[in-house]
Amino acid sequence: MIQYWWKTLVWKQLHKQRQAILKNYVVQEQAAVKLQSWVRMWQCHQRYCQVCNAICILQAPKSCFTFQTNDVSQAQYGGTFNQPEFHIEILSV
């Protein structure tokens, strides 16, 4: 009878320890997932702001921009231009 009681007591303690460890693991996993999602959101927001700033610069009045369509640009790029071409390069610091 004492042996049965002792095994039951040890099993209950072991079960409580396992439950505590599992609960701690779940909390850590949820925190990691939330942190990763916040970092990804921040990165997307930063990229979005960069694109918006680039678009604002490109949406300046047309009189501010002059496009070369002379023989030098045709020889350099090979062909004639019907529409102006934009090549945007975003550099991350």
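Me: How much of this protein counts as buried?
Reply: Of its 93 residues, 1% count as buried. Keep in mind that this is a predicted model.

Me: Okay, and how much area does the protein expose?
Reply: About 9500 Å², and carbon and sulfur atoms supply 61% of that.

Me: How many helices and strands are there?
Reply: The protein has 2 helices and 0 strands. Helix H1 covers residues 2-58, and Ile-2 has its place in H1.

Me: Is Ile-2 buried or exposed, and why?
Reply: Ile-2 counts as exposed because its relative accessibility is 68%, and the cut-off for exposed is over 50%.

Me: Which residues form a nonpolar patch on the surface with Ile-2?
Reply: Trp-5, Trp-6 and Val-10 form that patch together with Ile-2. The accessible area of the four together is about 490 Å².

Me: What about Trp-5, buried or exposed?
Reply: Trp-5 has 53% relative accessibility, so Trp-5 counts as exposed too.

Me: Switching to rings. How many aromatic pairs does the structure hold?
Reply: The structure holds 1 aromatic pair. Trp-5 and Trp-6 form that pair, with 6.1 Å from centre to centre.

Me: And how are the planes of Trp-5 and Trp-6 arranged?
Reply: There is 50° between the planes, and the pair is tilted.

Me: New topic: cysteines. How many disulfides are there?
Reply: The count comes to 0 disulfides. Take Cys-49: the nearest cysteine sulfur belongs to Cys-52 and is 6.4 Å away. A disulfide needs the two sulfur atoms within 2.5 Å, so Cys-49 is in no disulfide.

Me: How accessible is Cys-49?
Reply: Cys-49 counts as partly exposed, because its relative accessibility is 27%.

Me: And Cys-44?
Reply: Cys-44 is partly exposed as well, with a relative accessible area of 48%.

Note on methods. Residues are numbered from 1 along each chain as its sequence is written. This is a predicted model: local features need pLDDT of at least 70, side-chain atom pairs count only at pLDDT 80 or more; totals for chains, interfaces and linings use all residues. Side-chain values use heavy atoms; hydrogens and water are left out. Rings of Phe, Tyr and Trp (its six-membered ring) pair if their centres lie within 6.5 Å; planes under 30 degrees apart count as stacked, over 60 as edge-to-face and the rest as tilted. Buried means under 20% relative accessible area, exposed over 50%, partly exposed in between (1.4 Å probe, protein chains only). Patches are made of residues with over 30% relative accessible area and no salt bridge: like charges are joined within 9 Å, nonpolar side chains (Val, Leu, Ile, Met, Phe, Trp, Tyr) within 5 Å. Accessible areas come from the Shrake-Rupley method with a 1.4 Å probe; for residues, only the protein chains shown count as cover. A salt bridge is a side-chain nitrogen of Lys or Arg within 4 Å of a carboxyl oxygen of Asp or Glu. Helices (H or I, at least four residues) and strands (E, at least two) are DSSP runs, numbered from the N terminus.
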